[in-house]
Amino acid sequence: MKTFYFRVFDYIYRKRLELFQSLFYDLYRSFDGKHEEFLKTWFESYMIKKLFKYFPIEDVITYYPQFALRKRSLVASYVKTYWRFCQKPNLYPAKIRESMEFFGLNSLNEQELKRAYRKLVKLNHPDKAEDKRVAHKKMLLINYHYQVLIGYIRRFNNA
């Protein structure tokens, strides 16, 4: 039974991490870079609410703390790494360049970025694609690169 619960917990965690990856700059701004508060609110509270909704409370209380103990440091380091980029994006020029190449941009301005983003979203949206799983992964990648560039642009404009 423990293995089953751990697999379900891991699946929910991975989905939450994918969502984090595609929204990391906006989340950084909304939580003001406070990663402990973010982990408690956005990951752990969400997980507990989801689990209580679908599983017996006794089982969640029994198995989730063991799972969370194993995953917390991994997720914390993941969040810190992404948010370190948000704090000083100019220390990571390769990520900026890679994201610009992904969108096919020669210069970096918000209007061109939004235009390229919308174009890719229209082409790869899961509702329009035949293979929804591939389209979903492509959308995560599109959102990741968009977050990298929009975060850089906004930080540069506010500096």
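The model is predicted: local features need pLDDT of at least 70, side-chain atom pairs count only at pLDDT 80 or more, and totals for chains, interfaces and linings use all residues. Residues are numbered from 1 along each chain as its sequence is written, and side-chain values use heavy atoms, with hydrogens and water left out.

I begin with the aromatic rings. Rings of Phe, Tyr and Trp (its six-membered ring) pair if their centres lie within 6.5 Å; planes under 30 degrees apart count as stacked, over 60 as edge-to-face and the rest as tilted. The count by this rule is 32 aromatic pairs. Among them is the tilted pair of Phe20 and Trp83, with 6.4 Å from centre to centre and 55° between the planes. Phe20 belongs to helix H1 (residues 2–30) and Trp83 to helix H3 (residues 57–87), so this pair ties together parts 63 residues apart in sequence. Helices here are DSSP runs (H or I, at least four residues), numbered from the N terminus. Both Phe20 and Trp83 are buried, meaning under 20% relative accessible area with a 1.4 Å probe, protein chains only; exposed is over 50%, and partly exposed lies in between.

Next, Arg16. A charge sits over a ring if NZ of Lys or CZ of Arg is within 6 Å of the ring centre and within 35 degrees of the ring normal. Arg16 lies over the face of Trp42, 3.7 Å from the ring centre, and its charged end sits over the ring of Tyr46, at 3.6 Å from the centre.

Finally, Phe52, in helix H2, counts as partly exposed at 37% relative accessibility.

Notes: Helices (H or I, at least four residues) and strands (E, at least two) are DSSP runs, numbered from the N terminus.
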